[in-house]
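Subject: Structure handover

Hi,

Here is the structure I said I would pass on.

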Amino acid sequence: MKVLITGGAGFIGSNFVNYMVKKYPNYQIINLDALTYAGNLENVKEVENEPNYRFVKGDITNRELVESLFAEGVDAVVNFAAESHVDRSITDPGVFVRTNIQGTQVLLDAAKKYGVKKYIQISTDEVYGTLGETGYFTETTPLAPNSPYSASKAGADLLVRAYHETYELPVNITRCSNNYGPYHFPEKLIPLMIINALNDQPLPVYGDGLNVRDWLHVEDHCSAIDLVLHKGRNGEVYNIGGNNERTNIEVVKAILRYLNKPESLITFVEDRLGHDRRYAIDATKIRKELGWKPKYTFEEGLKKTIDWYLENRSWWENILSGEYKEYYERQYGQKLGRL
Ligand SMILES: Cc1cn([C@H]2C[C@H](O)[C@@H](COP(=O)(O)OP(=O)(O)O[C@H]3O[C@H](CO)[C@@H](O)[C@H](O)[C@H]3O)O2)c(=O)[nH]c1=O
């Protein structure tokens with residue numbers, strides 16, 4: 001089987017590339033990634049010399065390039081390639097529409113033209129919008145995205161659905177909750193808080209810190225996608241979530257406790273615009289239908305993740321000294337009163 005993984009140098013994509021190359025030595029894995037600010041070949045260093053792995057630098061909106069890869073005979077596509085950061089989408093939505101929607105359409109066209117056996121769209125629980133204090137997102141919850149990022153992901157999901165209904169393309173859409181684990185780019189909550197705590201820098205918590213996210217270890221996400229790839233019923237959506245609801249402030253305090261750093265580092269800053277209050281996934285369908293089970297509790301997964309950041313200092317120090325530095329100052333400098 002030849003599997004094209006797009007966005008395989010980003011956080012979740014690279015974890016999936018590493019997982020697939022090692023687990024299936026008989027599969028050919030092609031990693032197509034544009035290497036934007038969030039893509040990093042260091043993330044796939046552990047498999048770069050494996051005979052069943054190949055990297056191609058390129059953008060999913062590049063129709064010619066995408067078609068040339070499909071012409072080689074791709075059996076399955078797993079599309080992770082996306083602009084993923086909500087805060088960036090609030091200041092610059094255009095690139096989100098381009099990559100997340102137009103890029104998906106290019107992949108769908110090629111998948112249809114060359115007759116792939118499976119197309120998997122990696123989506124997000126954010127397409128469902130926000131929850132109050134109770135309730136869960138199921139696969140039939142209406143789409144109600146609130147940020148330009150989630151709107152672009154919802155748009156892509158609708159295209160994927162339409163290619164199934166109209167052309168009978170064999171698709172699945174997976175919608176996961178917040179992932180965490182190794183190679184998570186430092187702009188996101190958990191790695192940002194770990195790194196700032198290690199550097200004795202203020203930890204910027206948005207609003208009252210009581211927004212709730214449902215955390216899923218990235219390895220558990222990979223095992224779920226593996227099941228969907230091999231056993232998913234065509235045309236179906238599968239929610240993937242770890243049942244680990246935590247407020248942001250709980251997560252931040254747990255990180256400080258593990259690192260033995262003072263809570264005085266916590267700094268409440270101006271809230272994110274349109275900030276979704278709570279996400280919580282009902283993953284009954286994938287558990288019952290495909291037999292998926294996460295292996296990490298949040299406490300174990302978080303400790304393992306913090307240890308990874310302690311052991312891989314040079315990975316994140318390289319990112320911090322590059323173009324990310326400018327983003328960080330723009331995003332937090334004023335909020336933290338340091339500019
Ligand atoms: C970066 C940052 C975030 N936050 C808050 C905002 C959110 O309530 C929570 C998590 O923020 P983020 O790490 O940006 O993740 P969130 O907005 O939930 O979105 C993530 O999870 C989604 C899945 O739910 C994915 O679709 C997105 O691509 C991914 O970025 O922490 C802070 O309080 N301070 C911060 O500095």
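**Around the ligand**

By class, the shell around the ligand has 7 nonpolar, 7 polar and 5 charged residues. (Ala, Val, Leu, Ile, Met, Phe, Trp, Tyr, Cys and Pro count as nonpolar, Asp, Glu, Lys and Arg as charged, and the others, Gly among them, as polar.) Before you read on: this is a predicted model, where local features need pLDDT of at least 70, side-chain atom pairs count only at pLDDT 80 or more, and totals for chains, interfaces and linings use all residues. Residue numbers start from 1 along each chain as its sequence is written.

In total, 19 residues surround the ligand, and the closest are Ser84, Thr124, Lys188, Leu189 and Tyr206. (A residue is near a molecule if its C-beta atom, placed from the backbone, lies within 6 Å of it.) The elements giving two or more residues to this shell are α6 (189–198) and β8 (203–206). Of these, β8 gives the most, with 3 residues. Helices (H or I, at least four residues) and strands (E, at least two) are DSSP runs, numbered from the N terminus.

**The chain as a whole**

The protein chain has 12 helices and 12 strands. Its radius of gyration is 19 Å, close to the 20 Å that the globule rule gives for 339 residues, so the chain is as compact as a globular protein of that length. (The radius is taken over C-alpha atoms, and the rule is 2.2 Å times the number of residues to the power 0.38.) Buried residues make up 45% of the 339. Here buried means 20 or more other C-beta atoms within 10 Å of the residue's own, exposed means 12 or fewer, and partly exposed is in between, with C-beta atoms placed from the backbone.

Helix α1 (residues 11–23) and helix α7 (residues 218–231) pack at about 65°, their axes 9 Å apart. Axes are lines fitted to C-alpha atoms, for helices over the stretch in contact, and angles run from 0 to 180 degrees between N-to-C directions. On the α1 side, Ile12, Asn15, Phe16 and Tyr19 meet Val218, Glu219, His221, Cys222 and Ile225 of α7. (Contact means C-beta atoms, placed from the backbone, within 7 Å.) That contact has 6 nonpolar, 2 polar and 1 charged residues.

**One residue to look at**

Asp87 sits in helix α3 (residues 86–91). Asp87 is partly exposed, with 16 other C-beta atoms within 10 Å. Leaving out residues up to four places away in sequence, Asp87 touches Arg272 and Gln331.

Cheers

Notes: Two residues are in contact if their C-beta atoms, placed from the backbone, lie within 7 Å.
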